[in-house]
Amino acid sequence: MTETSPHPNRFYLTTPIYYVNARPHLGHAYSTIVCDAIARRKRALGIETWFLTGTDEHGQKIERSAKLAGCTPQEFATQVAAEFRGLWDRLGLTYDDFIRTTEERHRRGVQKLFATLRDRGFIYKGSYTGQYCVSDEAYVDGPPGTPCPDCGRPTETVSEENYFFKLSAFERRLLEFYEANPGFMAPESTRREVISFVRSGLKDLSVSRTSFSWGIPVPGDEKHVVYVWLDALANYITALGYGSEDDEKFRKFWPADIHLIGKEISRFHCVYWPAFLMAAGIPVPRSVRANGWLLFDQGKMSKSRGNIVRAETVQDVLGADTLRYFLLREIPFGQDGNFSFDALVQRYNGDLANGYGNLVSRVVNMVHKYFAGEVPEAGAETQAEAALRASAVGAIASFGPAFDELDFSEALKNLWLLVAGTDGYLTANAPWKKPVDRTDADHRKLQARVLATAAEAIRIITALVFPILPDAAAKVWQQLGQGELADAAGNGFLKDLAWGGLKPGTKFGEPAPLFPRAEKDAIERMQNLEDQNNRTAVEAASKDEIVAPSHAPAATSVNPTTGTDKTSVRAHQKLTPTAAGPANPEQPLNTAKVDQVPTPLASSRLNSTPVPAPAEAPLAPPVTPAPAAQGQEAATPQTQQITIDDFAKVDLCVAQILVAERVPKADKLLRLEVDLGYEKRQILAGIAQYYEPEKLIGRKIVIVANLAPRKMRGLVSNGMLLAASLEGGAPVLAGFLEEVPLGARLK
Ligand code: MSP
């Protein structure tokens, strides 16, 4: 960051505030852990620091999620916000404030900001007709059917009276601002993307909504709620007291030094937010820094992909410090990075157990063994000590700048050179072994020199790494006889960190294990914890408890023969994917069978044996096929056999129809909007001749969720639904007799 701070000895940093439609996972923890590490270092440098996090609780997305969970948006938000806060506390994150956008202090501040923008002439009334992505809560340019350019999900057509913000008036000013403040946004990819977005022209932005009510009312015109992004971004100032009588913190800490965000929300933070602030006459933040995505199984870790890992799992097996170290060491900040249990355990064993942990334990134990736990006088330096001292001094000089540039990975990599250097120094001088050609006195001198020097190097390493490994560092600090690390950090100990702080005569604390080597089963234990959690989530959802819909790879094994009356599958009938799949989507379903699509239903029907069971035990008891089905076995045409792996490639999911309407000029097609619990989609289905659209709303169906999107009549179809295709008759949609949670996978 190149800009001069208006308050050099204060630091204000923020995480994005998290949507409460998803339970916290590692992706969320990543941003918050990065901020925690920064905050800890700043405080330990004696800088007055304010670290804010919180939850984003308004908007259409949350309103819908709450409805699906069968509770009020407020109840829903309260439950999930508590989960976020609970997790941050469990991980020991040192946020100073946690703001919820449903709090009164926030409502007041947002209304003040809105009124200020209006009073200063930057807000006017108009109407918006266009596309909206509910998942990203973002307006999207393009005709109906345009998928969201950010997340690829179908957009919805919105036609509303809205208030508009004169964003177009800020195009020049923003570009000039970026030019004058090159450190405002990073990494470079974010900077380029934002600048090109602004250069391509800014349109005025709708900043209120009228088609739903879960939000902050526009002051003076309460049928509007404030657009959720204006509402959410304002948290950074409302949490400091903007808009209240007590705005001391706002005056003290604003503008923020770092808004740390995920790269996908840089437009909101680097374009809209500074424009709102400029319009309101409030200083803009000093920098916005975007982290890349944490990937798991090749995709962005997210609820909608169903590929999440929980921070608790890693914490329970390897400890919170390990998670922090892994995330900051493994992923160069700003880039996407893979998370895997394998890589995690490898880093743990390599860098922490065998590296830092082992080094500390060797030295502390030897000081106890050879010097009764008291730091000896080092005596005169030889070349070896001078070299180690120079490395440590170099580490002190280089770690801070790299860390402060958020280049944690580089900072740690270099610091671990000092770990390895100290280890090598110990091994080379072998204080535990007395060579035959030495006198006792010589050897004693060597032991004293080597152990005092190595211990001092450990002290430096520990002080520097403390923001990243706070628990381990606190233990080592005790073992080195330095007392409470929290106290030292509170006194700004890092500011004065220099070689030579470990005084002779210092009494060491008891040695205690830091990072016991992870055994082979660590990976399996983490995987089991995740599986178990996924199962619990599915069970909870099916018991109608309030849960954020989670796309747990369902442990539920759905037996097809339990379909509804209408859908109970007869031997000669197939469950046929309809809509986007067939060559001609407008072809009536009974002639448009897709035989290649694996049909688990057919296999159970044909053989009257249970569906090949996946590894996990099915929750649903196996059901004996109906006699009628058995009786007709012989008449069933045999389909090509597939393996369970082939079948596993097809993502069959339970979805609910939210919207169903005819597609103009296509008498066989219906346009459906379906909810999978974790996301909403548009699907086109060739069932218009057989189903009244109104009667479909609310029905739970089965869809093929991972079918490549296809365009028909200018509309994108994102998946296809399954129906029994009857020879010469109407198709019958697949459904369930029992309650099934949305998003449950059929397998
Ligand atoms: N509510 C908005 C932010 C409003 S800020 C005024 C939002 N919320 S979110 O819950 O969808 O995402 C919040 C942040 O979570 C992301 O910006 C990112 O920092 C973090 N991440 C969520 N999943 C992630 C990964 N898989 N990887 C890295 N970070 C991720 O957007």
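I take a polar contact to be a pair of N or O atoms within 3.5 Å; within protein, one atom must be able to donate a hydrogen and the other to accept it, and residues adjacent in sequence count only if both atoms are side-chain atoms.

**Basis of the entries**

I worked from a predicted model, in which local features need pLDDT of at least 70 and side-chain atom pairs count only at pLDDT 80 or more, while totals for chains, interfaces and linings use all residues. Residues are numbered from 1 along each chain as its sequence is written, and side-chain values use heavy atoms, with hydrogens and water left out.

**Entry 1**

I looked up the partner of Arg 267 and found a polar contact of 2.9 Å between its side chain and that of Asp 150. Arg 267 belongs to helix H10, residues 266–280; helices (H or I, at least four residues) and strands (E, at least two) are DSSP runs numbered from the N terminus. With a relative accessible area of 18%, Arg 267 is buried; I use buried for under 20% relative accessible area, exposed for over 50% and partly exposed for values in between, with a 1.4 Å probe and protein chains only.

I then turned to Glu 103, which is in the loop between strand E4 (97–100) and helix H4 (104–119). Its relative accessibility is 24%, so Glu 103 counts as partly exposed. The side chain of Glu 103 makes a polar contact of 2.9 Å with the side chain of Arg 105. I also noted that Glu 103 and Ala 239 are 136 residues apart in sequence, yet 9.8 Å apart in space, C-alpha to C-alpha.

**Entry 2: the ligand**

Which residues are closest to the ligand? I found 26 residues around the ligand, with Ile 17, Ser 31, Asp 56, Leu 294 and Met 301 the closest; a residue is near a molecule if one of its heavy atoms lies within 4 Å of it.

A backbone N or O atom of Leu 294 lies 2.7 Å from a nitrogen atom of the ligand. A polar backbone atom of Tyr 19 is 3.1 Å from a ligand oxygen atom. Glu 264 places a polar side-chain atom 3.2 Å from an oxygen atom of the ligand. The ligand taken alone exposes 650 Å², of which the protein buries 94%; these accessible areas come from the Shrake-Rupley method with a 1.4 Å probe, and for residues only the protein chains shown count as cover.

I checked which elements form the shell. Strand E2 (18–19), helix H1 (26–44), helix H7 (228–233), helix H8 (235–238) and strand E13 (258–262) each supply at least two residues. H1 gives the most, with four residues.

I also consulted UniProt, where an unreviewed entry places the short sequence motif "'HIGH' region" at residues 18–28; its positions are in the numbering used here, feature names are shortened, and annotations may be inferred rather than shown by experiment. In the model, the end C-alpha atoms of residues 18–28 lie 8 Å apart, and the span is 27% helix and 18% strand.

**Entry 3: aromatic rings**

I counted 36 aromatic pairs, taking rings of Phe, Tyr and Trp (its six-membered ring) as paired if their centres lie within 6.5 Å, with planes under 30 degrees apart stacked, over 60 edge-to-face and the rest tilted. The ring centres of Tyr 242 and Phe 250 are 5.5 Å apart and the planes stand at 65°, so this pair is edge-to-face. Tyr 242 and Phe 250 are both buried. Ring pairs link Tyr 12, Trp 50, Tyr 236, Tyr 242, Phe 250, Phe 253, Trp 254 and Trp 273 into a cluster.

The charged end of Arg 209 sits over the ring of Tyr 132, 4.1 Å from its centre. Arg 41 lies over the face of Phe 403, at 5.5 Å from the ring centre.

**Entry 4: backbone**

Where are the cis peptide bonds that I noted? One runs from Ala 186 to Pro 187, with omega near 5°; Pro 187 is in the loop between strand E8 (185–186) and helix H6 (188–199). Another joins Trp 254 and Pro 255, with omega about 5°; Pro 255 lies in the loop between helix H9 (248–253) and E13.

I also recorded positive phi in residues other than glycine. Glu 137 has phi near 50°, in the loop between strand E5 (123–133) and strand E6 (138–140), and is buried at 1% relative accessibility. Leu 406 has phi of about 65°, in the loop between helix H14 (383–404) and helix H15 (408–429), and is buried at 2%.

How values were computed. A charge sits over a ring if NZ of Lys or CZ of Arg is within 6 Å of the ring centre and within 35 degrees of the ring normal.
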